[in-house]
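Welcome! Here is a short briefing to read alongside the sequence and the 3D view.

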Amino acid sequence: ASSADAQALVDTIATAAPGATIRVAGNCSGGGLPLSLTAPITISGGYTTSDWSTANSTAQPTILDGLGNSQEINVSGQFQVTLQEMILRNGNAEHGGGVRVGSTLVLNAGTIISDSSALGNGGGVLVSGTPTATLIVQGGQILSNTATNGGGVAVIGSGNVLTMSSGTLSDNLALGPDGIVNNGSDGQGGGIYNTGAVWITG
């Protein structure tokens with residue numbers, strides 16, 4: 001899938017069979033976001049429109065850009081979605097600035113969630129599902145996001161889980177309700193705010 005906005009990707013997701021891998025090229029900005037993912041699929045970036053066989057996210061990054069106006073991805077339903085070699089940036093939402101996870105999301109190597117913000121919980125990612133939700137980080141990076149609580153990741157509610165075996169969680173900020181760091185009214189969890197469960201190994 002490739003288009004100036006996210007519409008081609010939206011259309012491809014709508015017709016994808018469960019278990020499919022969707023390959024994405026280029027920069028998808030604004031229109032069509034957030035992507036609503038409600039089935040088990042893998043979204044893989046790092047391609048070009050002239051080469052769909054070899055992924056290289058460094059040389060040919062694939063970007064979902066919320067332009068500061070929109071969350072990039074919302075994952076719901078009791079399924080597993082996998083992101084690999086995807087860059088999600090400049091997301092904005094009340095909760096889960098970059099991504100909201102209501103089922104299971106795997107962030108593989110080459111995937112970066114950055115420069116996103118939430119007024120409430122989870123600048124980069126909010127993990128909160130009914131009945132449960134899980135974020136699995138195995139090589140992904142969550143960088144330079146901001147929120148009132150959980151600048152990088154917020155895990156909210158019993159039964160919701162963050163599992164991190166490899167990857168990077170760095171330079172995220174919990175600003176607190178007044179948006180100012182280190183004034184006595186800061187938010188909680190610059191990197192991770194947790195009322196569920198967090199498992200970090202490796």
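Asn92 stands opposite Ser117, a residue of strand β13. This is a predicted model, in which local features need pLDDT of at least 70 and side-chain atom pairs count only at pLDDT 80 or more, while totals for chains, interfaces and linings use all residues. Residues are numbered from 1 along each chain as its sequence is written, and side-chain values use heavy atoms, with hydrogens and water left out.

**The parallel sheet**

- Strands here are DSSP runs (E, at least two residues), numbered from the N terminus, and two of them pair if DSSP finds at least two bridges between them.
- Strand β9 (residues 92-93) pairs with strand β13 (residues 117-121) in the parallel sense, over two bridges.
- On to the next neighbour: β13 and strand β16 (residues 146-149) run parallel and are joined by three bridges, and Asn121 has Asn149 in β16 as its bridge partner.
- Together, four strands form an open sheet in the order β9-β13-β16-β19, with parallel pairing.
- The edges belong to β9 and β19 (173-174); each has a single partner strand, so one side of each is left without a neighbour in the sheet.

**Gln71, a buried loop residue**

- Gln71 sits in the loop between β5 (63-65) and β6 (73-75).
- Its relative accessible area is 9%, so it counts as buried (under 20%, where exposed is over 50% and partly exposed is in between, with a 1.4 Å probe and protein chains only).

**The nonpolar core**

- A nonpolar core is a set of buried Ala, Val, Leu, Ile, Met, Phe, Trp, Tyr and Cys residues joined through side-chain atoms within 4.5 Å.
- The largest one has 33 residues, and those with the most contacts inside it include Leu35, Leu64, Leu105 and Leu135.
- Strand β15 (residues 134-143) gives the most to this core, with three residues.
- Leaving aside neighbours within four places in sequence, Leu135 is in contact with residues including Leu105, Val125, Ile142 and Leu162.

**Confidence**

- The pLDDT, the predictor's confidence in each residue from 0 to 100, averages 90 over the protein chain, and 92% of the residues score at least 70.
- Over residues 179-185 the pLDDT is below 50, and this stretch has nine contacts in the model beyond near neighbours in sequence.
- Where pLDDT is low, the predicted coordinates should not be read in detail.

Terms used: Contact means heavy atoms within 4.5 Å.
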